[in-house]
2 protein chains.
Amino acid sequence: MTNAARLDQQIRFLVEADKLKAVARRTRLLDGSRFENSAEHTWHLMLLALILREHTTGSLDVLRALEIVAVHDLVEIDAGDTFAYDTAGQSTKAAREEAAADRVFGLLPPDQRDYVRGLWDEFEARVTPEAQFANALDRLQPLILNAHSSGGSWLDQALTRDDVLRRMAPVAQGLPGLWPTVERVVEAFGQNGVLKGSRSTE
Amino acid sequence: MTNAARLDQQIRFLVEADKLKAVARRTRLLDGSRFENSAEHTWHLMLLALILREHTTGSLDVLRALEIVAVHDLVEIDAGDTFAYDTAGQSTKAAREEAAADRVFGLLPPDQRDYVRGLWDEFEARVTPEAQFANALDRLQPLILNAHSSGGSWLDQALTRDDVLRRMAPVAQGLPGLWPTVERVVEAFGQNGVLKGSRSTE
């Protein structure tokens with residue numbers, strides 16, 4: 001492949017990536033004006049990564065973690081954002097996202113296609129510390145937004161505290177220093193009735 | 001400072017950062033639906049950084065470059081996005097952004113405030129290879145969007161080819177492998193009349 005052809009492929013991929021800015025999530029901006037999109041959500045995760053990395057345990061390849069975060073939602077260009085608590089959507093999510101990964105990452109030159117695919121596979125597998133950190137950020141960020149907007153997207157659902165704590169489990173694994181914060185937020189939104197009570201102690 | 005107080009400050013900063021998603025730029029999404037905001041623009045730069053880094057010359061601390069990119073527009077939360085070709089706005093930009101940096105970065109614990117301020121100062125000074133790379137991406141990304149949307153934000157202004165080439169100069173410095181692409185795009189949009197002719201050869 002000539003250098004010009006390689007650069008053309010890279011730019012075609014970067015142009016296609018623009019579509020992630022039009023993928024709406026279920027979380028609203030803190031000003032309530034609209035739903036967040038997956039591109040700005042991803043930027044927010046990268047900022048969380050820089051500011052909160054001290055709360056991980058063990059060593060972390062921060063560059064690798066940022067690379068994983070940067071590409072983790074690109075499959076949504078084709079597959080859309082599947083809401084965390086949408087059971088039907090979750091059952092078809094893997095197949096839809098695999099096909100999206102083939103097409104979207106396939107725009108890149110083969111070596112970069114494989115590299116980015118590897119980043120995304122690593123994110124999905126949640127085995128490495130970097131992937132666990134990235135997944136923790138991906139769960140924590142909407143919790144922070146909800147916590148600072150009177151419940152945010154939680155208000156649209158009849159969720160229990162256990163639903164949210166299960167959803168947040170990757171935070172305990174990838175960013176354990178933030179787990180007490182998660183528990184405190186979930187407890188407060190249980191107390192105020194946004195999250196329903198279904199703890200074993202009730 | 002206790003660990004809890006430190007974490008509170010970090011989260012307050014991350015919550016404040018949400019406002020960058022409401023700062024509109026002059027560039028439109030490729031689907032033409034709306035103006036791009038500075039948060040999703042920043043994510044796009046980070047993706048460009050990962051895909052195009054091979055086109056730099058010399059060695060580059062990619063993590064440092066990504067950190068610089070991640071925070072480079074946060075001052076716009078207070079100062080707004082100053083359009084590149086707005087001469088009056090450019091004259092007051094530095095003072096407005098300095099004040100914004102004091103306030104926004106000042107939400108962080110002192111060590112992180114100083115660290116993030118250092119990243120932003122480095123971006124603005126454009127001396128290190130990482131800052132030059134970040135600035136190159138920041139200029140290149142709207143050019144790519146304009147090139148793939150029939151001229152995009154250039155259509156709103158009576159710009160010459162020289163105006164755009166001057167604006168793009170940081171690409172020649174920080175991402176020289178992309179400079180021929182910049183020249184080709186500017187030439188094509190000169191030929192089709194979107195950019196006015198004012199080259200010395202005319």
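Helix H7 of chain A covers residues 129–147 and has 19 residues; helices here are DSSP runs of H or I with at least four residues, numbered from the N terminus. In this predicted model, H7(A) reaches 26 Å from its first C-alpha to its last, close to the 27 Å expected at 1.5 Å a residue (1.5 Å times one less than the number of residues). Of its 19 residues, 17 are buried (under 20% relative accessible area with a 1.4 Å probe, protein chains only; exposed is over 50%, partly exposed in between).

**Basis**
- Local features need pLDDT of at least 70 and side-chain atom pairs count only at pLDDT 80 or more, while totals for chains, interfaces and linings use all residues.
- Residues are numbered from 1 along each chain, chains are lettered from A, and side-chain values use heavy atoms, without hydrogens and water.

- Beyond four places in sequence, A:Leu140 is in contact (heavy atoms within 4.5 Å) with residues including A:Leu48, A:Met168 and A:Val182.

**Aromatic pairs**
- Over all chains there are 6 aromatic pairs (Phe, Tyr or six-membered Trp ring centres within 6.5 Å; planes under 30 degrees apart are stacked, over 60 edge-to-face, the rest tilted).
- A:Trp154 and A:Phe189 are edge-to-face, because their centres are 5.5 Å apart and their planes at 70°.
- Both A:Trp154 and A:Phe189 are buried.
- B:Phe83 and B:Tyr85 are also edge-to-face, at 5.6 Å and 70°.

Notes
Helix = DSSP H or I, 4+ residues; strand = E, 2+ residues; numbered from the N terminus.
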